[in-house]
Amino acid sequence: MPLSDFHSRDELVMDSLGITSLCNGGSPPDKLSNGCFIDDPLAKSCSLVGNLLPVDKVGKGHVEPSGTMQMELISASTACSSQLDNDSVMRYVPNEGESRCGWGTFTPGFLQMFNTPRGALFFLCGASLLQGMVVNGLVNTVITSIERRFDMHSYQSGLIASTYDIASCSFLALVSYFGGTGHKPRWLGTGVAFMALGSFTFALPHFISPLYKPSGVSEQATCAVTLSNVNNSFAHGTGACQGPSSDLARYRYIFMLGQFLHGAGATPLYTLGVTYLDENVKTTCSSVYIGTFYTAAILGPAVGYFLGGISLMHFTNPRFKVLLNPESTQWVGAWWVGFLVAGAAAGLISIPIAGFPRHLPGSERYMAMQASRSFQSPRRTKESPKFSTAIRDLPRSAATLLQNRTFVSLCLAGATEATLISSISTFGPKFLESQFNLSASRAATIFGYLVLPAGGGGTFLGGFVVNRFKLSCQDIIRFCTCFAFVCLFCILVFLMQCPNAPFAGITVSYQDNSSFMQHDNSSFVDPLVSACNSNCSCMHSTYNPVCGTDQITYYSPCHAGCRSVYQSHPKTYKNCTCIIATEEGRAVHGQAVAGKCQGSCSTLPLFLLFFFFVIFFTFFCSIPALMATLRCVPDGQRSFALGLQWIVVRALGGIPGPIAFGSFIDRTCQLWQKDCGELGACHLYHNAAMSNSTLLLGITYKLLSISFFLAARWFYLRREDTPSASSGSSDSTDSPCTPQLTRTP
């Protein structure tokens, strides 16, 4: 490669290399007697101020597969020295043919208008928006409907959510290690295509499972007394069992496969996508580009919650006419629509992403300016560790990072924070639905309105504060510790509990005081069976709650003893033997209206206010914490450290978090769906127990997070006391971490 191809234009000034120069002009480079070249366009009529040395002259160079020469950039004081700083290697400089946008040999001219940093940012923002919309938005929005449709427990739905992180942990090390030196856009395009396949797979159970038909739609599910109704099988709530509906829960493996493909596809996005943008823009502009990229990622969940809330307003089988409404507990919305939309969009956007070149035109000047920062570290007293791209160096590189106790402490702090974030994202709508007696669609919509300003605003302001006040890494760790304490106090909002609405046989007894009856020849106690409905042949598989005139919720019209129904909106049942009403001074059988009774809790606005601050302060510390993480590792290992950190965060936080929260929530269930002796989804949670469990887990993980932040600060201070120990990082207490905002995932 001709050396003149390496010449950068006016932006590449020697001041960016830490070398004082007043030179300008332009002439071909002259060759020195020692075999070096003077970059004369920057040094005309001057003494030696900078050199560009082909690395093969000192036995360290090689020709890249693309045909470009790897170059070594050295300062005047070390001209042609064989003792070259490993961090000053100019890894790759593309030539004109390699920087065209297209696929293979198909590089038409009209595509080159997109071959800019803004074009790459546009499509990468689209990919991050879709990833956030699907994984952190749609999945969390429809999880309650999927539980109801496929008879799954909360821990099973938590396992579905965690499969995404399992896939990420499986591929992060390889993708970040090998993809960092490969063709990043092709890795990114392939990943987005896998995300599209995952979305289609996630929607597949809707099309291959039996048609969903709510119980009680074709029949009124009222009490019809006959002599045969004395059968104990009905009294036990089994009825005419035709096989366990729990077979539907087996479809969870298809959901897990879809989430696995989502996780595998999104792996390159927040590792290679960030570094690709960072390499192809000016250092002063990279914060804007990366900030925009993460803003799109944060907007994704909000879009997912809105799209999911709208789709849940429509019944899951469009051609099946039902008399239910979204407020009914048997209602299952069209949870699958959003995944088809996201899959189609991801498939389309993967094509242009894969067509971008390895490096955008003109990126060599920015790469040179970024590499020059290696010369300006006042604390660099020894060479940073150097690793090749061979797989045999991967364990040694990982071991080097794991010996950095500051890095490990910050990773563990990130894992505890990720546990809280992933758990709140997964079960937040369910918590609102249970505590405040909301429908699934309304709970998802409210949660979406909450996440957008809290998560997006917290992430943006966290990076802005660090940038505005030029905080050092030590100050960043102190910053995260302080606001983790603030968030700990905000978590006390879960002390605000709403009482359960009265539910016959569960929270209150039937009015005839004959609940919890003992059945003949069995020790089974059925709280839903009473003397007023014991001959009604009510089935537990038919959950269709009604609200009586006594303001008590009953499991179904049958369990309320209702004998007839009005076909009106709302549907009203009459002559209910379990509901005692007073009419003209005498007791009569009351009426019931379809749906659960509304609770008396009016604290929803106040709860949402404090819950907003829980989400806000959690995200407020996320970007600064990741900035500090990348500033405490060697420059040459930052890409791999990014991948390794995500492995720790997901293995210890993202994967076990939703599973643990789901298990604790399952323990608070008061009323399970029973079908042929098998437990299905939970119909009624104990609100106080759910709040206490969430409070306990939230406080536990926040205390762990604070402890790890304190440990990181202690290890960092000890590291600064030993100058040789800090040689692997270019950070100092006097050197702000602001430029690294662009590298934070």
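Trainee: What share of the 745 residues in the protein chain is buried?

Mentor: Buried residues make up 58% of them. Keep in mind that this is a predicted model.

Trainee: How many helices and strands does the protein chain hold?

Mentor: There are 18 helices and 14 strands.

Trainee: What share of contacts joins residues at least 24 apart in sequence?

Mentor: The figure is 74%, counted among contacts between residues at least 6 apart.

Trainee: Now one residue. Why is Ser422 called buried?

Mentor: Its relative accessible area is 15%. Buried means under 20%. The value for Ser422 falls under that cut-off, so Ser422 counts as buried.

Trainee: Where does Ser422 lie, and which residues does Ser422 touch?

Mentor: Ser422 lies in helix α11, residues 405–435. Leaving aside residues up to four places away in sequence, Ser422 touches Gly653, Gly654 and Pro658.

Trainee: What makes the pair of Thr419 and Ser422 a polar contact?

Mentor: The backbone oxygen of Thr419 lies 3.2 Å from a polar atom of the Ser422 side chain. The cut-off is 3.5 Å between N or O atoms, with one able to donate a hydrogen and the other to accept it. The distance of 3.2 Å is within that limit.

Trainee: Which residues make the contact of α3 with α8?

Mentor: On α3 they include Leu188, Val192, Phe200 and Phe207. On α8 they include Phe339, Leu340, Ile349 and Ile353. The residues of this contact divide into 17 nonpolar, five polar and one charged.

Trainee: How do you know that α13 is roughly antiparallel to α14?

Mentor: Look at the angle. Helix α13 (residues 473–490) and helix α14 (residues 604–620) pack at about 165°, with axes 9 Å apart. The cut-off is again over 145 degrees. The angle passes it, and therefore α13 is roughly antiparallel to α14. The crossing of α13 and α14 is left-handed.

Trainee: Which residues of α13 and α14 make that contact?

Mentor: Helix α13 gives Phe479, Phe483, Val486, Cys487 and Cys490. Helix α14 gives Phe613, Val614, Phe617, Thr618 and Phe620.

Trainee: How do the residues of the contact of α13 with α14 divide?

Mentor: Nine are nonpolar, one is polar and none is charged.

Methods:
Residues numbered from 1 in each chain as written. Predicted model: local features only at pLDDT ≥ 70, side-chain atom pairs only at ≥ 80, totals over all residues. Heavy atoms only, no water. Contact = heavy atoms within 4.5 Å. Helix = DSSP H or I, 4+ residues; strand = E, 2+ residues; numbered from the N terminus. Nonpolar A, V, L, I, M, F, W, Y, C, P; charged D, E, K, R; others polar. Buried < 20%, exposed > 50% of the residue type's maximum accessible area, 1.4 Å probe, protein only. Axes fitted to C-alpha atoms, helices over the stretch in contact; angles between N-to-C directions. Parallel < 35°, antiparallel > 145°, perpendicular 65-115°, else oblique. Left-handed = near helix turned anticlockwise from the far one by under 90°.
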